[in-house]
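Reader: I would like to learn how to read a model like this one, feature by feature. Where do we start?

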Amino acid sequence: MEANIAIPTDGKDTWSGGGQKPLGASYGKMMMWFFIVSDALTFSGFLAAYGLTRFKFIDSWPIADEVFTHFPGLHGVHAPMYYVALMTFILIISSVTMVLAVDAGHQMKQKRVAWYMFATIIFGIIFIGSQAWEWKNFINGTYGAVKTTDGRLLQFVKDGHQIALSDIVVGERTDGRIQHERENGLWFEKEEAIASYSIAQIQEAYKSNSDVLIRSELIDPATKQKIILSREEGMAQLAKTKMVVEGANLEVNEYGNTIFADFFFFITGFHGFHVLSGIIINIIIFFNVVLGTYERRGHYEMVEKVGLYWHFVDLVWVFVFTFFYLV
């Protein structure tokens with residue numbers, strides 16, 4: 001029986017006669033580039049689908065400046081896109097520290113590689129934490145709205161600015177409806193979280209506040225703003241209310257078209273998964289750097305490989321930020 005014999009890397013046959021470094025790159029880097037190209041095609045498909053869907057529903061697509069308005073520590077302050085811009089800046093800075101880590105690796109400066117990788121990890125953690133915070137705010141919602149039997153979403157405005165349901169409805173929910181829980185019934189049936197107010201309360205509050213108007217999710221092509229209904233129109237539409245919408249999920253969205261929420265969760269979630277994976281890989285490489293693994297190997301190519309991945313993740317976010325938030 002013939003024994004298996006390990007063949008030294010230097011003597012191993014290479015594919016397509018490319019040598020040990022086809023196109024001037026090692027196999028490790030080449031595989032990383034293949035992965036990046038395939039992943040770039042995946043993200044391109046997602047963004048193309050987003051663009052086509054948005055174009056199809058252009059007359060009811062939520063306005064990003066009205067959706068992403070939160071900023072930590074500034075409760076109640078309208079800060080459109082400020083925090084998303086800060087998140088983007090933090091991620092770009094992490095790319096800079098990663099470049100410095102790779103450069104320090106070329107110079108075989110172990111401590112500098114470790115410090116720059118540590119900074120990259122911290123910036124990555126800040127970004128992913130910020131993204132989770134933004135998800136929380138998006139899911140919980142800001143203003144609340146109602147949905148009619150014909151599928152229209154109605155929001156409330158005063159002096160031209162959107163206001164929350166809590167700004168017009170006084171007191172707690174009054175119809176006695178409580179959340180189904182295992183403790184409060186003989187036959188427990190799980191349900192979605194019920195709204196803070198009943199439909200009747202909201203209709204009555206609208207009648208009582210003559211300075212409050214209703215706007216639909218439809219956008220006026222001339223003004224690029226949502227269409228505000230007259231009091232009479234608003235009353236007629238409000239009479240068709242079938243449910244109160246607070247926050248956003250895969251089924252309802254208080255900001256407008258539900259597909260917007262679907263794409264938001266899917267694209268930013270998929271990107272966030274890449275960032276989280278990058279952080280974990282960076283942590284592993286960081287400890288290898290600290291332990292001197294690459295110093296003993298005589299090169300820091302692994303830092304270059306994870307650097308390629310990290311720059312790719314940053315670049316994808318720039319496209320997501322541009323197409324999803326800015327355009």
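**Reading the model**

Author: M81 is buried, at a relative accessible area of 9%. Buried means under 20% relative accessible area, exposed over 50%, and partly exposed in between, with a 1.4 Å probe and protein chains only. This is a predicted model, in which local features need pLDDT of at least 70, side-chain atom pairs count only at pLDDT 80 or more, and totals for chains, interfaces and linings use all residues. Residues are numbered from 1 along each chain as its sequence is written, and side-chain values use heavy atoms, with hydrogens and water left out.

Reader: Where does M81 lie?

Author: In the loop between α2 (64-67) and α3. Helices (H or I, at least four residues) and strands (E, at least two) are DSSP runs, numbered from the N terminus.

Reader: How should I read the phi of M81?

Author: Start with the general idea. Most residues other than glycine have a negative phi, and most peptide bonds are trans. Now the case here. M81 has a phi near 70°, a positive value in a residue other than glycine. K224 has a positive phi too, near 60°. 

Reader: Is K224 buried or exposed?

Author: K224 is exposed, with a relative accessible area of 59%. Its place is the loop between β4 and β5. P221 is found in that loop, between β4 (212-220) and β5 (225-228). P221 counts as exposed because its relative accessibility is 63%.

Reader: Let us go back to helix α2. What does D65 contact?

Author: D65 is found in helix α2. Contact means heavy atoms within 4.5 Å. Leaving aside neighbours within four places in sequence, D65 is in contact with H78, P80 and M81. D65 is partly exposed, at a relative accessible area of 40%. From C-alpha to C-alpha, D65 and L326 are 8.6 Å apart, yet 261 residues apart in sequence.

Reader: How do I read a pair of packed helices?

Author: Two packed helices are described by the angle between their axes and the distance between the axes. Axes are lines fitted to C-alpha atoms, for helices over the stretch in contact, and angles run from 0 to 180 degrees between N-to-C directions. Take helix α3 (residues 82-106) and helix α4 (residues 110-140). They pack at an angle of about 160°, with axes 8 Å apart.

Reader: What do we call the orientation of α3 and α4?

Author: α3 and α4 are roughly antiparallel to each other. Angles under 35 degrees count as roughly parallel, over 145 as roughly antiparallel, 65 to 115 as roughly perpendicular and the rest as oblique. The contact of α3 with α4 has 18 nonpolar, six polar and two charged residues. Ala, Val, Leu, Ile, Met, Phe, Trp, Tyr, Cys and Pro count as nonpolar, Asp, Glu, Lys and Arg as charged, and the others, Gly among them, as polar.

Reader: At what angle do α3 and α10 pack?

Author: About 160°, with the axes of α3 and helix α10 (residues 301-326) 10 Å apart. α3 and α10 are therefore roughly antiparallel to each other. The contact of α3 with α10 divides into 14 nonpolar, six polar and two charged residues.

Reader: Which residues of α3 and α10 meet?

Author: Among them are L91, S94, S95 and M98 in α3, and W310, H311, D314 and W317 in α10.

Reader: What does H271 touch?

Author: H271 touches F43, L91, F127, Q131, V313, V316 and W317, not counting residues up to four places away in sequence. H271 is found in helix α8 (residues 258-290). H271 counts as buried because its relative accessibility is 0%.

Reader: And T142: where does T142 lie?

Author: In the loop between α4 and β1 (145-148). T142 counts as partly exposed, at 30% relative accessibility. Neighbours within four places in sequence aside, T142 is in contact with H70, A164, E254 and Y255.

Reader: Now the whole chain. How many helices and strands are there?

Author: Ten helices and six strands. Buried residues make up 41% of the 327 residues in the protein chain. Of the contacts with a separation of 6 or more, 70% come from residues 24 or more positions apart.
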